[in-house]
Amino acid sequence: MRSLPSIIHLDMDAFFAAVEQAAKPSLRGKPVVVGGLGGRGVVSTASYEARKFGVHSAMPMAQARRLCPNAAFLAGRFEAYRPVSELVMGLLRELSPLVQPLSLDEAFVDLEAGPYGPLLAEAEHRTGERLVLALAEDLRADIRRRTGLTASVGAAGSKLMAKIASEQAKPDGLVMIEPGQERAVLGPMPVRALPGIGPATEQVLRRSGLNTVADLAEAGENELVQLLGKAHGAGVYQMSTGLDDRPVVADQDAKSVSVEDTYEVDLADRERILREVGALAARCVRRLRGAGRSGRTVVLKVRRFDFSTLTRSETLRGPTDDETVITETARRLASQVDITGGVRLLGVGVSQLADYTQEDLFAQAVREEAEAAGHEAGADEEVEADRAEAAPAVRRWLPGQDVHHAEFGPGWVQGSGVGRVTVRFETPWSGPGRVRTFGVEDPALEPAPPLPLGGSEPGPERGGPGSGGRGSGADGGGASGRAGTEG
């Protein structure tokens with residue numbers, strides 16, 4: 001365990017919703033909900049204005065609409081979030097080469113491995129703490145200046161406590177937990193505060209009267225091993241006492257996760273093959289989640305009766321560990337393979353791995369597309385052909401989508417229906433814009449790439465509080481009180 005709180009955890013505040021508010025001036029200060037908009041969609045992110053009404057991540061979108069009917073409900077724009085994420089991660093890498101992203105909007109940073117490492121090693125304890133606070137404050141100021149977004153930062157002597165500290169700092173704050181205070185901070189917290197304790201483990205612990213982290217520490221390692229098994233029980237006990245020596249691990253080269261089975265008798269029935277592919281996909285997802293990874297490309301491997309081997313792959317629009325999405329994609333690939341003569345081996349894999357997943361935003365869209373494709377495949381071919389010949393496909397406009405009009409310029413879709421699409425014309429650097437309505441097939445209206453948040457518009461740089469450069473508070477002047485929350 002470190003004697004200096006030199007590990008920081010950064011978490012962007014309501015990231016997806018905050019990007020939407022920064023990009024759309026008319027939504028600033030108003031409730032915004034981002035997620036799947038279909039019948040079974042779920043909330044990916046809710047702005048703090050929406051959270052006041054009880055809306056939160058992973059909630060069914062239908063419930064969110066009931067709780068906050070006046071919110072702006074938007075489809076996710078992965079192509080807008082990734083550039084902002086890359087900018088933020090770049091700022092983190094200026095502090096240290098050891099940056100471990102957990103998702104698009106959060107990461108651990110080991111300050112001792114960076115350019116300020118020698119200063120931290122030589123400084124007396126209080127001076128070192130002030131330097132950590134100053135670096136964290138400058139980081140938050142740089143993020144606000146470059147993106148207009150806010151971030152919360154926790155600093156501690158371990159990854160566990162840095163994560164706990166950033167949760168305490170939300171929103172838009174900075175909290176430091178001094179080494180030696182781990183048990184005092186953790187003790188009153190519910191057992192779910194520890195990573196690796198989900199609903200099932202929580203119920204096991206509750207049945208034994210263990211409700212808080214302090215209860216876990218008092219129970220002792222032996223009792224927790226009896227309840228949870230050797231590895232899990234020992235790990236939970238260590239964390240309950242504040243012990244966490246996990247290093248910050250920088251980005252690693254992407255690898256693949258896959259499973260395969262060879263069958264004693266060649267499979268010739270397509271339905272049986274699709275069932276086997278589904279089972280393989282489920283196993284693959286379990287391995288993927290066990291590794292804490294997600295992936296963007298689904299790969300199907302088929303070895304036929306004559307030992308010829310085929311591979312088919314499909315790349316999704318974002319990384320996922322969603323079992324439904326991966327299964328449906330693998331089954332769709334399998335349905336395209338010629339199985340004449342039989343199949344002796346099947347395999348399902350996921351590649352282009354990442355340490356984060358966007359399934360809340362994108363899995364629902366993939367599911368809906370898969371369902372739509374299945375529905376169309378089951379329809380009468382002649383009717384579908386006649387329908388396609390009689391009327392071309394209607395363009396689809398999603399709430400929040402970026403568009404450009406030949407006369408009115410850039411804007412975004414507020415809503416569409418009954419052959420009409422409503423667009424608000426505004427940019428990240430403008431004031432709230434005017435709303436106009438067009439026919440969905442208006443040739444002057446086209447989809448467009450997202451506009452940058454960081455100021456492609458001419459004029460003085462837009463910024464918020466703390467626009468000073470890195471190091472402006474290195475003497476401790478930019479840091480507020482220890483273990484305090486600001487913002």
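## Before we start

Axes are lines fitted to C-alpha atoms, for helices over the stretch in contact, and angles run from 0 to 180 degrees between N-to-C directions. Helices (H or I, at least four residues) and strands (E, at least two) are DSSP runs, numbered from the N terminus.

What you're looking at is a predicted model, where local features need a pLDDT of at least 70, side-chain atom pairs count only at pLDDT 80 or more, and totals for chains, interfaces and linings use all residues. Residues are numbered from 1 along each chain as its sequence is written, and side-chain values use heavy atoms, leaving out hydrogens and water.

## The whole chain

The protein chain has 16 helices and 17 strands. Of its 487 residues, 46% are buried (under 20% relative accessible area, with a 1.4 Å probe and protein chains only). Now for contacts, meaning heavy atoms within 4.5 Å: take those between residues at least 6 apart in sequence, and 64% of them join residues at least 24 apart.

## How confident is the model?

pLDDT is the predictor's confidence in each residue, from 0 to 100. The chain averages 84, and 84% of the residues score at least 70. Over residues 379-391 the value is below 50, and that stretch has 2 contacts in the model beyond near neighbours in sequence. Residues 458-487 are also below 50, with 65 contacts beyond near neighbours in sequence.

Strands of a sheet pair through backbone hydrogen bonds, either parallel or antiparallel. Here two strands count as paired if DSSP finds at least two bridges between them.

Look at β7 (residues 151-156): 3 bridges join it to β8, and the two run parallel. V153 has L174 in β8 as its bridge partner.

## Helices across the sheet

## Two packed helices

How do α13 and α14 pack, and at what angle? Helix α13 (residues 270-290) and helix α14 (residues 323-335) pack at about 145°, with their axes 9 Å apart. Residues making the contact include L274, A281 and L288 of α13 and I326, A330 and A334 of α14.

Note on methods
Buried means under 20% relative accessible area, exposed over 50%, partly exposed in between (1.4 Å probe, protein chains only).
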